[in-house]
Amino acid sequence: MKKNIIIVGMTESIMTSRGNRHPSLATYLVNKGYKLHYVSSNFYHSEKRWFTDIEIKNAQSKADYDLHILNKIGYKKNISAMRVLSNLAFSIKSYLFLKKHINTETILIIPSRPVELIYFASVLRKKYKISVLVDIQDIWPDMLVNKSGIATYVFTKYCNYFLKRSLKYIDKFIHVAPSFQDWLKRYSPTSSSKFVPLGFEEDRWEVINSTPNVSSKNKITFLVIAQLTFQFDIMPLLDALKNNNSFELVLVGEDGKGERYGELISFLKAHNVKNFKNHGYLNTVNLKKIMKTCDIGVVPMISTSIPNKVFDYIANDMPIYVLGQNDSSDFVKKYGIGWSTEFNTDGVKNFLNKINHKDIEDKRLKLTNIKNEFNRHNIHKKILNEIDS
């Protein structure tokens, strides 16, 4: 008998454009014959706004499964007390909804944040004997690396309180970055997890991949897909290549609301930088056009992970340059599809002195040979194996 599957994706649904691992998985499971419910919120984390009733109804009519939307408290900053309150309230609402829709044949799939959601999922598992799969996509409080102060101290204690009382009761785990296993072992030493990266959706990039790249051979163009939150710092790269006509830096995804955006604008004005372009937030069609004019995708992430943008680059045959030593740098080295350096201006300058178009083409060839391994269809098969195990 097919299991009853419920996915809770607080910040992901078919209404959101950034991060669609769980909505994509939901469609895959429905096509495999599973009965599925999807629970999400009416607050758009990426754009810091609420979805309209029309948007919600349209999404529910398009979904291949029952899409249940919970009202959520909004917030303006990613790191704030209001966000913590919002997450707690959503987790409680999810618990009250879920306990009415589960049985012993239920498999609940949740992301690894917020931590409150993991706690209430563990309560459901203990009380109702359901199975819970935690998809470790982000690790709290570790994402506050290099942050200090009383707020960070309190938030760390807060996260530890929930995680120490919940993770050891969860029965299934998968993780998107190898180092995330260390986070799991910290709270539940006997638990095990399987590496299942984020991957890319072939359908999303299908049209663009039928045409060759058209980047200029007179210069090397770097692309960063990111909002400049605390987690993403492009300043060492920008400082190293500023006003060097052999290089160009293109930014996509920053709408002026990122925590590091002010620092960027001040730097651009102070140095009168000419070889930098910010295209803001783009839809997929326009993003495809920009990616075809660029040579190297950049991951300037200060914390360790293998984010979605890595697989966006892979899908488009773009070699990857990683700042710092982390999961992403280990990943590109393992497959021979990119480079990594120290996360500072000198490290970037040394790289710029060595990189050339032949190196880029060599890495691009390796990408075409391994990219199918990270196709979402193959990724979903791995998750399904864990669900059925």
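The model is predicted, so local features need pLDDT of at least 70 and side-chain atom pairs count only at pLDDT 80 or more, while totals for chains, interfaces and linings use all residues. Residues are numbered from 1 along each chain as its sequence is written, and side-chain values use heavy atoms, with hydrogens and water left out. Helices (H or I, at least four residues) and strands (E, at least two) are DSSP runs, numbered from the N terminus.

**The sheet**

- An open sheet is built from 7 strands, in the order E5-E2-E1-E6-E7-E8-E9, with parallel pairing; two strands pair if DSSP finds at least two bridges between them.
- Strand E5 (66-70) and strand E9 (194-195) are the edge strands, and each has a single partner strand, so one side of each is left without a neighbour in the sheet.
- Strand E1 (residues 4-8) lies parallel to its partner E6 (residues 106-111), and 4 bridges link them. Here Asn 4 stands opposite Thr 106.

**Around strand E8**

- On one side of E8 (residues 172-175) you will find Lys 172 and Ile 174, on the other Phe 173 and His 175, and all are buried (under 20% relative accessible area; exposed is over 50% and partly exposed is in between, with a 1.4 Å probe and protein chains only).
- In a regular strand, side chains alternate between the two faces of the sheet.
- Strand E7 (residues 131-136) pairs with E8 in the parallel sense over 4 bridges, and Ile 136 sits opposite His 175.
- E8 also runs parallel to E9, joined to it by 2 bridges, and His 175 stands opposite Phe 195 there.
- From E8 the chain passes through helix H6 (residues 180-187) to E9 in a right-handed β-α-β crossover, meaning that, with the strands pointing away from the viewer, the path from the first strand over the helix to the second runs clockwise.

- Most residues other than glycine have a negative phi, and most peptide bonds are trans.
- Arg 113 and Pro 114 are joined by a cis peptide bond, with omega about 10 degrees; Pro 114 belongs to the loop between E6 and helix H4 (115-128).
- Another cis peptide bond links Trp 140 and Pro 141, with omega about 5 degrees; Pro 141 is in the loop between E7 and helix H5 (150-164).
- Lys 48 has a positive phi near 55 degrees. This residue is in the loop between strand E3 (43-44) and strand E4 (49-50), and is partly exposed at 23% relative accessible area.
- Asp 317 has a positive phi near 55 degrees. The loop between helix H11 (308-315) and strand E14 (320-323) holds Asp 317, which is buried at 17% relative accessibility.
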